[in-house]
Amino acid sequence: MSKYTEEDLKKELENQEYEYGFYSDLNAETFPKGLNEEVIIAISKKKNEPQWMTEWRLDAYRIWKNMEEPDWANVNYPKPDFQAISYYSAPKPKKQLDSLDEVDDELLKMYEKLGISINEQKRLAGVAMDIVVDSVSVATTFKKTLAEKGILFMPISEAIQKHPDLVKKYLGTIVPKTDNFYAALNSAVFTDGSFCYIPKGVKCPMELSTYFRINEGGTGQFERTLLIADKGSYVSYLEGCTAPQRDENQLHAAVVELIALDDAEIKYSTVQNWYPGDKNGKGGVFNFVTKRGLCETNAKISWTQVETGSAVTWKYPSCILKGDNSVGEFYSIAVTNNYQQADTGTKMIHLGKNTKSTIISKGVSAGKSQNSYRGLVQVHNKAENARNFSQCDSLLMGDKCGAHTFPYIECKNNTAQIEHEATTSKIGEDQIFYCNQRGIDTDKAIALIVNGFSKEVLNKLPMEFAVEARKLLEISLEGSVG
Amino acid sequence: MSKPILEVKDLHAGIENNEILKGINLTIKPGEVHAIMGPNGSGKSTLSSVIAGNETYDVIKGDILFEGESILDLSPEERAHKGIFMSFQYPVEIPGVTTTNFIKAAINAKRKSQGLEDLPAKDMLKMIKEKSELLEMDRKFLSRSLNQGFSGGEKKRNEIFQMAMLEPKLAILDETDSGLDIDALKIVANGVNKLKNKDNAVLVITHYQRLLDYIVPDFVHVLHNGKIIKSGGKELAHELEEKGYDWLK
């Protein structure tokens with residue numbers, strides 16, 4: 001990540017428009033709009049997929065066709081016309097890329113604007129990048145270091161060809177094709193995403209990181225991530241998103257599946273900064289994501305997310321605590337401003353004995369936005385001594401936004417201990433004036449207060465990510481008071 | 001004669017149509033300690049808020065000069081950068097933000113306004129050490145969330161600590177004695193006295209005389225119904241203590 005200075009911060013504070021709202025003209029190849037079996041077969045062919053994968057997609061498509069778009073979330077938006085979307089867009093591959101010299105100049109410029117130039121990333125030991133632009137991975141680094149440990153980290157399309165057994169064994173097992181409308185759609189049309197496998201007993205020596213970008217106007221992005229941590233292994237995975245400014249709405253429906261086998265641990269951190277729409281609520285990304293992980297015996301999955309972007313967010317990173325003594329964690333900050341709407345939370349499904357889950361959710365609402373926490377804690381009858389602690393805090397700015405909490409608890413075992421705490425507070429004029437009197441301007445004061453409010457979650461992020469997250473919180477809320 | 005730090009000239013101010021200050025005149029020079037005394041509702045806290053730039057209040061007429069220049073068009077943070085500090089009667093709590101982080105943000109905001117780089121961490125630490133030793137304060141509170149769960153005395157001491165760190169030219173102590181027992185009062189007053197020098201000035205706003213036993217004023221002004229009705233030396237404070245405010249009305 002680029003070094004963060006006061007000067008950078010100042011520049012960003014002066015820039016009221018969306019930070020990453022630029023558009024790179026890559027020599028893209030885009031499918032005509034619309035979805036049918038032919039398009040799916042064409043996508044599969046484009047990716048050189050084996051027959052079983054094509055069949056898998058077609059099956060998902062047939063399931064999706066008979067499903068209806070869900071409307072239970074606390075969000076309102078015009079339903080996307082799924083026939084008006086192009087389901088494939090890729091920078092034209094010139095040839096196999098071995099070094100940065102071969103990467104499109106435009107693309108490199110874009111990375112620079114994002115402050116994540118690959119050169120810098122390469123120097124920054126400890127972070128391996130699998131960069132996704134639109135739907136195709138164009139550069140993968142640190143592959144060798146990872147290969148020495150036997151770690152597989154590659155675009156999922158590559159994994160389908162090189163490691164079909166692993167993909168076949170796990171794809172769709174955590175989020176089945178039938179799971180929900182968007183997951184079914186994703187299963188039918190996903191064009192890229194990451195695949196990661198950590199072998200038995202291996203501790204991944206670096207944070208694995210992927211940047212997702214939406215680039216072509218009017219294209220949807222359907223990423224698919226599959227991460228398998230074999231017995232006794234450990235991995236920390238970072239996912240960050242930025243998107244260029246667009247007038248029409250863009251649909252993003254990703255699926256992430258995590259599998260933590262016995263004694264394995266997965267830390268999955270996300271900073272989500274899709275284009276939220278302008279201050280009048282025009283444009284912005286629709287973000288309908290299904291993220292779920294499975295924990296076997298003694299395994300642990302920890303989700304940390306900072307959600308500042310998207311016009312509409314619908315996202316519930318969840319844990320299935322199948323194995324005894326397994327642990328699930330969810331740490332979330334969701335910030336909404338202007339006309340943004342977020343309905344986000346988690347599901348903790350306790351199946352095994354002595355399973356534990358922790359939920360810390362921080363919602364910050366400003367402008368005319370609506371911010372909802374929706375969470376389910378489910379304890380099954382065989383889950384002896386299950387424990388859950390949930391804390392949901394909301395912070396409001398002004399009097400035109402909303403904060404909502406929908407906690408669901410279903411408990412079928414009377415040995416369970418479930419705690420839920422919730423608070424709602426408002427940034428007061430007296431707090432702002434106090435900061436002003438000490439010489440701290442209002443935008444900076446809000447950033448300070450929001451950072452303090454979100455501290456427990458920010459502290460869970462890897463350090464460089466935390467710096468970026470703090471910056472994002474500040475940019476997202478600037479000018480929201482006074 | 002040195003140039004005044006603060007000049008308040010025929011200041012009328014209030015909230016919406018309700019005039020609270022009705023023509024205040026006050027001049028404070030470097031090295032001076034002024035006390036504004038008065039019964040509840042006389043406009044004491046309004047005066048301190050208006051000087052600090054609280055936008056809840058409207059200035060109707062008159063002017064406030066700081067080192068010879070009008071500050072009426074300046075934001076509260078710009079006034080702070082010039083060297084105005086107010087110790088709040090009710091300091092706010094900011095959960096999750098440590099006192100250290102808060103003071104760091106304040107100091108660096110001021111430095112930025114002066115075109116300076118952020119204060120290096122080691123200099124900041126050194127300064128924190130010096131000031132907390134000067135004020136005989138336990139540094140443990142610095143790592144706690146700002147004012148959260150602090151006792152009344154701790155909150156006021158924290159205000160004085162921030163004052164020490166920011167080194168203002170004019171410190172306004174708004175009812176700093178309220179809610180303090182005598183021991184805490186002595187500690188706070190002692191801190192203020194240590195920070196006082198020939199180049200800065202202190203404006204003490206108080207209802208009671210007892211704080212003035214420890215922070216001895218050069219001038220005492222009695223505020224009543226939005227006007228200064230009597231000014232005098234420190235003996236005026238004792239007179240008020242004996243006779244109350246009624247004899248002046």
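Biologist: What share of chain A is buried?
Modeller: Of the 482 residues in chain A, 54% are buried; a residue is buried if 20 or more other C-beta atoms, placed from the backbone, lie within 10 Å of its own. This is a predicted model, where local features need pLDDT of at least 70, side-chain atom pairs count only at pLDDT 80 or more, and totals for chains, interfaces and linings use all residues. Residues are numbered from 1 along each chain as its sequence is written, and chains are lettered from A in the order in which they are written.

Biologist: OK. How many helices and strands does chain A have?
Modeller: 13 helices and 23 strands, taken as DSSP runs numbered from the N terminus (H or I, at least four residues, for helices; E, at least two, for strands).

Biologist: And which residues touch the most other members of the largest nonpolar core?
Modeller: Ala229(A), Leu258(A), Ala260(A), Ile266(A), Ile172(B) and Val204(B), out of 177 residues. A nonpolar core here is a set of buried Ala, Val, Leu, Ile, Met, Phe, Trp, Tyr and Cys residues joined through C-beta atoms within 7 Å. The helix α11(A) gives the most to this core, with seven residues.

Biologist: What does Val204(B) touch?
Modeller: Leaving out residues up to four places away in sequence, its partners include Val33(B), Ala35(B), Leu173(B) and Ile215(B). Contact means C-beta atoms, placed from the backbone, within 7 Å.

Biologist: Switching to the sheet in chain B. What's the strand order?
Modeller: β6-β9-β10-β3-β11-β12, an open sheet of six strands with mixed pairing. Strands pair if DSSP finds at least two bridges between them. At the edges are β6 (84–87) and β12 (227–232) of chain B, each pairing on one side only. From one strand to the next the twist averages 20°.

Biologist: In which sense do β9 and β10 of chain B pair, parallel or antiparallel?
Modeller: Parallel, over five bridges, with β9 at residues 170–174 and β10 at residues 201–206 of chain B. Asp174(B) stands opposite Ile205(B) in β10(B).

Biologist: Last topic: how many residues of each chain are in contact between A and B?
Modeller: 17 residues of chain A and 22 residues of chain B. On the chain A side, α10 (429–437) and α11 (442–453) each supply at least two residues, and α10(A) has the largest share, six residues.

Conventions. Axes are lines fitted to C-alpha atoms, for helices over the stretch in contact, and angles run from 0 to 180 degrees between N-to-C directions. Two residues are in contact if their C-beta atoms, placed from the backbone, lie within 7 Å. A residue is buried if 20 or more other C-beta atoms lie within 10 Å of its own, exposed if 12 or fewer, and partly exposed in between; C-beta atoms are placed from the backbone.
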